[in-house]
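Here is a short report for a reader meeting this structure for the first time. Please look at the sequence and the 3D view first.

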Amino acid sequence: MPVDPTKVIAIDVHVHAEVSCHDPEDPVMAKYFDAASAYFKADRKRPTIPETIAYYRAQNIAFCLFTVDCESGIGAKRISNYEVAELAANDSDIVIPFASIDPRKGKFGAREARDLVENYGVKGFKFHGIMQDCHPADRVAYPIYEVIAEYKLPAIFHTGHSGMGTGMRGGGGVRLKYGQPILVDDVAVDFPDMKIILAHPSWPWTDESLSMALHKDNVFMDLSGWSPKYFPKQVIQYANTQLKHKMLFGSDWPLIRPEKWIDAAREAGFRDEVLPLIMKENAVKLLGL
């Protein structure tokens, strides 16, 4: 049973799956989790996928669930996209499965992407250039993008600063430059049938994301990773006006809990008629629900 938008209060487009039900935590990834937890002042214990589903069901919030495949970038074993998709299928009224494929897997990654879409019901993809150590418009990723565009699915691209690596020696070896939103502009031009979601308010390049969302009909922004009380003022300004149909609710679970994000959003200055668009209606349209 697919998500029925009339039966949920919101749709969170940015939820991480970080604990496998089958494999132990990867020791390389554990170091980055430690750093991110310290940065966000969050609980180090990560919830399992079933625990995440139970939490969101209790909140009556539907959500997009994904892992991050950064096997080439940092050498950490990923959580399987197939595990995410199979667990999501058991609770398809609340979970919308997304996948993540290391861009450097190229054509082989494109094969996986097609299989996940055609046979496992995956509805979108997540890329994290910083952790994947890859320019978003590197041609190595284009075979994967071609599959996503063929099915007219959304792809979330991490933008802005990253809590992953913050405080580690040399930033954990990850390069923040790949989080600059304008690097995704070539992808938006070359794949106009792919809906691009620029994740987070994109600090310190917030204005780049706002400009791209204004300029490209296939570019959107999710507002995850920050409490709305800390949003740059121009995010609120554009959400209330020219970009009111381009902004999406995202929490960045488990580092930020959805109900806390929602409570802060009610006090952040969004207009009464705009908040429902951000919380659910824009996602309903983008995801084709």
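## A helix across the sheet

In this predicted model, helix α7 (residues 142-150) lies across β4 and β5 (154-158). The helix runs at about 150° to β4. Seven of the nine residues of α7 are buried, so the helix is mostly covered. The buried ones are Tyr142, Pro143, Ile144, Tyr145, Val147, Ile148 and Ala149. Their cover includes α5 (106-120), β4, β5 and α8 (185-190). Just after α7, Lys152 takes a positive phi of about 55°.

## The sheet

Which strands make up the open sheet, and in what order? Five strands form it, in the order β4-β5-β6-β7-β8, with parallel pairing. β4 (125-127) and β8 (247-248) stand at the edges. Each has a single partner strand, so one side of each is left without a neighbour in the sheet.

Strand β6 (residues 195-199) is joined to strand β7 (residues 219-222) by three bridges. Ile196 has Val219 of β7 as its bridge partner. Helix α9 (residues 206-215) lies across β6, β7 and β8. Its direction is at about 140° to β7.

## Nonpolar cores

The largest nonpolar core has 83 residues. Phe125, Tyr145, Met194 and Trp261 have the most contacts inside it. Helix α12 (residues 275-287) gives the most to this core, with seven residues.

What does Phe125 touch, leaving aside its neighbours within four places in sequence? Its contacts include Phe98, Ala99, Ile101, Ala113, Val117 and Ile148. Leu153, Pro154, Ala155 and Ile156 are also in contact with Phe125.

## Aromatic rings

The structure holds 16 aromatic pairs. One of them, Tyr55 with Trp253, is tilted: 4.7 Å centre to centre, with 40° between the planes. Tyr55 lies in helix α2 (residues 49-59), and Trp253 in the loop between β8 and α11 (258-265). The pair therefore ties together parts that are 198 residues apart in sequence. Trp253 counts as buried, at 3% relative accessibility.

Tyr56 and Phe63 also form a tilted pair, with ring centres 4.4 Å apart and planes at 35°. Tyr56 is buried, with a relative accessible area of 0%. Phe63 is buried too, with a relative accessible area of 0%. Elsewhere, ring pairs link Phe127, Tyr142, Tyr145, Phe157 and Phe191 into a cluster. Lys246 lies over the face of Phe220, at 5.2 Å from the ring centre.

Note on methods:
Residues are numbered from 1 along each chain as its sequence is written. This is a predicted model: local features need pLDDT of at least 70, side-chain atom pairs count only at pLDDT 80 or more; totals for chains, interfaces and linings use all residues. Side-chain values use heavy atoms; hydrogens and water are left out. Two strands pair if DSSP finds at least two bridges between them. Helices (H or I, at least four residues) and strands (E, at least two) are DSSP runs, numbered from the N terminus. Contact means heavy atoms within 4.5 Å. Axes are lines fitted to C-alpha atoms, for helices over the stretch in contact, and angles run from 0 to 180 degrees between N-to-C directions. Buried means under 20% relative accessible area, exposed over 50%, partly exposed in between (1.4 Å probe, protein chains only). A nonpolar core is a set of buried Ala, Val, Leu, Ile, Met, Phe, Trp, Tyr and Cys residues joined through side-chain atoms within 4.5 Å. Rings of Phe, Tyr and Trp (its six-membered ring) pair if their centres lie within 6.5 Å; planes under 30 degrees apart count as stacked, over 60 as edge-to-face and the rest as tilted. A charge sits over a ring if NZ of Lys or CZ of Arg is within 6 Å of the ring centre and within 35 degrees of the ring normal.
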